[in-house]
Amino acid sequence: MKKELHHANKKNSFSELNHNINMSVFYNREVIFEGCKGVVEYTDQSIKLNTGKFLVAFNGRSMHIKSMTETNIIIVGFITSIEYIL
Amino acid sequence: MLFVKFLRWISGYFEFCIQGRFPERFLNLAARNGLMLWDSSGSKETLTAKAKFSDKNTALLLAKKSENELMIVREYGLPYLCRIYKQRAGLFFGLIIGSILCCWLSGFIWNIRINAPEGINSFEIREELRQLGFHEGIRFSQEDVNQTERSLKIQDKRISWLNINVFGTNAVIEISAATGSVKENDSQKNIGNLKSTADGTITRMNVRNGSAAVRVGEGITKGQLLVSGVMEYNDGTTVLSDSEGEIYAKTSRTVVLRMKKQSDSIRLTDNTLWKREFHFFGIRIPLTFCGNPEKEYFKNDYCQQAFFLNQELPLLLHEEQWLQYQHIPINTEKNAAQSALKKRLLLYEVFLLCSDDKKILAKNEAFSENKNEFLLTVNYIMEENVCEKTYVEIRES
């Protein structure tokens, strides 16, 4: 019974964590990121986004922001790596 | 995407550069305040992007708030162009006048293209249209076009069908040539008689359908009924049919070939006169200032249409070539006339005998002359098919 409760709590926390964040990657050229709370760093080699609980860094070449709203962002460039910074 | 670019150009946009310690702060503030940015690119402490003309004040405010410096790199679009050319009011009026002129001139026929079939000269059609009041430079009216179509169809018997299609300022005229008189209704050809085409004596006959009205050895006259399409049977019934068959008769024919003792021959001289006209938008501008020669001239017409990018322009160069000719009297000698008449007779016989149902049995030639001409009289005795089909028309009453 205790084990089941622990499992349920773990499940709830996981869904809470991913509640507002959604990321679609098209090959290595374009990323549509939903749930962004701000841009932390913006250079042509790296774009770091703040999600509230962790940072996501998109590294590559010719990186730029194609379009941006309050929570959504489209990043275009030659993406070489995606990094989660907790 | 092209449409989006066009809309952005219409509303106007500007390219700017943000410089400061944290240009990302500007990005975040812009996103929160609904400032639309595109084509952004970032480097260390610098950010370049584009924004709408109407968001210029917001962008400046946000740059100040984020402790960055905003520099406008370049401005694009219609509002900026208007601002540049604000001092030149003439351009604006020129644009308006140009637009009005364009609209007004679009209502005219600028160019007429005639797709005439073989045998119908397009220049003649163009002249006929001009006489009917349809030429380059007239104001387009559907009623006038319909009227012109009808009038030209009635006026020119060579035309069986004509259509004037107006595409913008171009009028394309499609013409179909008349192929001859309309054939009679086939239902009227079901019953026919055979009649004689010449006087003579019947030598042989072959009747395949119908009842023969003559016999071999009988004399016949021109127009006499030879085979009747009405067949009567022994039981009293009558059947109407289409007569078929051949009836050969011995006929006589006289041919007289004539040649004048003095005749005229037409020969072109070296005198050639050129007249040139320039047709512009229906107006004829003469380039050669001389009148039409009155007598003893032939005329040839040449037209050259001006083209620009495969599009016909309302510019036409019309050239008239007037060739002078003269009459040369020729006196024909008796021997030469006899020889020439013999040749003509030979040709006549070749064409007369080219059909299988004619055969010359005997002929008698006599050469004579009177005051003005030489005569070659030939009497033929021939055997030929004298049948000619005549259809019986039956009408309902």
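User: What share of the contacts in chain A between residues at least 6 apart in sequence join residues at least 24 apart?
Analyst: The share is 40%, where contact means heavy atoms within 4.5 Å. This is a predicted model, in which local features need pLDDT of at least 70 and side-chain atom pairs count only at pLDDT 80 or more, while totals for chains, interfaces and linings use all residues. Residues are numbered from 1 along each chain as its sequence is written, chains are lettered from A and ligands numbered from 1 in the order in which they are written, and side-chain values use heavy atoms, with hydrogens and water left out.

User: And what is the figure for chain B?
Analyst: In chain B, 67% of the contacts with a separation of 6 or more are between residues 24 or more positions apart.

User: What about accessible surface?
Analyst: Chain A has about 5800 Å², with 54% belonging to carbon and sulfur atoms. Chain B has about 25600 Å², with 53% belonging to carbon and sulfur atoms. These areas come from the Shrake-Rupley method with a 1.4 Å probe; for residues, only the protein chains shown count as cover.

User: Turning to cavities, how many are there of 30 Å³ or more?
Analyst: There are two cavities of 30 Å³ or more. On a 1 Å grid over the protein atoms alone, a cavity is a set of points where a 1.4 Å probe fits but cannot get out, and lining residues have an atom within 4 Å of a point. Grid points are joined across faces, edges and corners, and a volume is the space filled by probe spheres set on the points.

User: What lines the largest one?
Analyst: The largest cavity holds about 70 Å³ of space. Its lining includes Arg126(B), Glu127(B), Phe134(B), His279(B) and Leu316(B). Helix α6 (residues 122–131) of chain B gives the most, with four residues. By class, the lining has four nonpolar, two polar and five charged residues. Here Ala, Val, Leu, Ile, Met, Phe, Trp, Tyr, Cys and Pro count as nonpolar, Asp, Glu, Lys and Arg as charged, and the others, Gly among them, as polar.

User: Helix α6 also holds Glu128(B). Is that residue buried or exposed?
Analyst: Glu128(B) counts as buried because its relative accessibility is 15%. Beyond its neighbours within four places in sequence, Glu128(B) is in contact with Leu152(B), Gln155(B), Asp156(B) and Arg158(B).

User: And the second largest cavity, which residues line it?
Analyst: Ile65(A), Lys66(A), Ser67(A), Met68(A), Leu27(B), Leu37(B), Trp38(B) and Ser40(B) line the second largest cavity, which holds about 30 Å³ of space. The largest share of the lining, four residues, comes from β5(A). The lining divides into five nonpolar, two polar and one charged.

User: Which residues touch the most other members of the largest nonpolar core?
Analyst: Those are Leu49(A), Ile73(A), Phe16(B) and Phe26(B), in a core of 34 residues. Another core, of 16 residues, lies apart from it, with Ile114(B) and Leu129(B) among them. A nonpolar core is a set of buried Ala, Val, Leu, Ile, Met, Phe, Trp, Tyr and Cys residues joined through side-chain atoms within 4.5 Å.

User: Last topic: where is Tyr27(A), and what is its phi?
Analyst: Tyr27(A) is in the loop between β1 (22–26) and β2 (30–34) of chain A, and its phi is near 50°, a positive value in a residue other than glycine. Most residues other than glycine have a negative phi. Tyr27(A) is exposed, because its relative accessible area is 72%. Ser62(A), in strand β5 of chain A, also has a phi near 50°, and Ser62(A) is partly exposed at 45%.

Methods:
On a 1 Å grid over the protein atoms alone, a cavity is a set of points where a 1.4 Å probe fits but cannot get out, and a pocket is an open set with protein on both sides within 12 Å along at least five of seven lines; lining residues have an atom within 4 Å of a point. Helices (H or I, at least four residues) and strands (E, at least two) are DSSP runs, numbered from the N terminus. Buried means under 20% relative accessible area, exposed over 50%, partly exposed in between (1.4 Å probe, protein chains only).
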